[in-house]
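This report describes one protein model, starting from a single residue and moving out to the whole chain. Please keep the structure in view while reading.

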Amino acid sequence: MRLLHFALALGLAAPSAAQSWSDPGLGLGGRLSASSGESARSASAGGGLFLRYRMTGSLGLEGGVAYRRETIGDGAGPLLDVLDVPLTGSGLLFFLPRTRVQPYLLAGAGLHVVQAKPAGGNATT
């Protein structure tokens, strides 16, 4: 019961003036992923980096670059090696910038640079 009271006290505590949930500044993040499809020869791993710049309490920009490599094949072997590098850029509008929970609207664009090479029985010599 004490643990519940402690958790409620932390969750309902009034924010102090020094808390910086929406201060302007830079933020850096990373992403790792693993996926596997029915036609994929094995699981593919990917990763990426994201940079977020909070211009004001309510406005922000975000950009990212990622990497994914996958080999697609049928039951007989590999058919295609795929390299995917997505580049993304977004604008963010935060609705409640002075609260802990900050819902936001995100709008942006992306470009996927994809390189596909024949593999296995499809490879040309």
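## A glycine in a strand

G63 has a relative accessibility of 28%, so this residue counts as partly exposed. On this scale, buried means under 20% relative accessible area, exposed means over 50%, and partly exposed lies in between, with a 1.4 Å probe and protein chains only. The structure is a predicted model: local features need pLDDT of at least 70, side-chain atom pairs count only at pLDDT 80 or more, and totals for chains, interfaces and linings use all residues. Residues are numbered from 1 along each chain as its sequence is written, and side-chain values use heavy atoms, with hydrogens and water left out.

G63 belongs to strand β3, residues 59-74. Helices (H or I, at least four residues) and strands (E, at least two) are DSSP runs numbered from the N terminus. Leaving aside residues up to four places away in sequence, G63 touches L49, F50, L51, T88 and G89; contact means heavy atoms within 4.5 Å. Between the C-alpha atoms of G63 and Y53, which are 10 residues apart along the chain, the separation is 8.8 Å.

## How the strands pair

Strands β3 and β4 run antiparallel and are joined by 14 bridges. Two strands pair if DSSP finds at least two bridges between them. β3 and β4 form a hairpin, with 2 residues between them. In this pairing, L59 stands opposite L93 in β4.

β4 also pairs with β5 in the antiparallel sense, over 15 bridges. Here T88 stands opposite G110 in β5. In a regular strand the side chains alternate between the two faces of the sheet.

## The aromatic pair

How many aromatic pairs does a search of the whole structure find? The search finds 1 aromatic pair. The ring centres of F94 and Y104 are 5.3 Å apart and the planes are at 45°, so this pair is tilted. Rings of Phe, Tyr and Trp (its six-membered ring) pair if their centres lie within 6.5 Å; planes under 30 degrees apart count as stacked, over 60 as edge-to-face and the rest as tilted. F94 lies in β4 (residues 77-94) and Y104 in β5 (residues 104-118), so the pair ties together parts that are 10 residues apart in sequence.

## Arginines over the rings

R54 lies over the face of F94, at 3.6 Å from the ring centre. R52 lies over the face of Y104, at 5.7 Å from the ring centre. A charge sits over a ring if NZ of Lys or CZ of Arg is within 6 Å of the ring centre and within 35 degrees of the ring normal.

R54 is found in strand β2, residues 44-54, and is buried, with a relative accessible area of 9%. The R54 side chain reaches the backbone oxygen of G57 at 2.7 Å and makes a polar contact with the side chain of Q102 at 2.8 Å. A polar contact is a pair of N or O atoms within 3.5 Å; within protein, one must be able to donate a hydrogen and the other to accept it, and residues adjacent in sequence count only if both atoms are side-chain atoms.

## The whole chain

The protein chain has 1 helix and 5 strands, in the order α-β-β-β-β-β along the sequence. Of its 125 residues, 19% count as buried. Among contacts between residues at least 6 apart in sequence, 48% join residues at least 24 apart.
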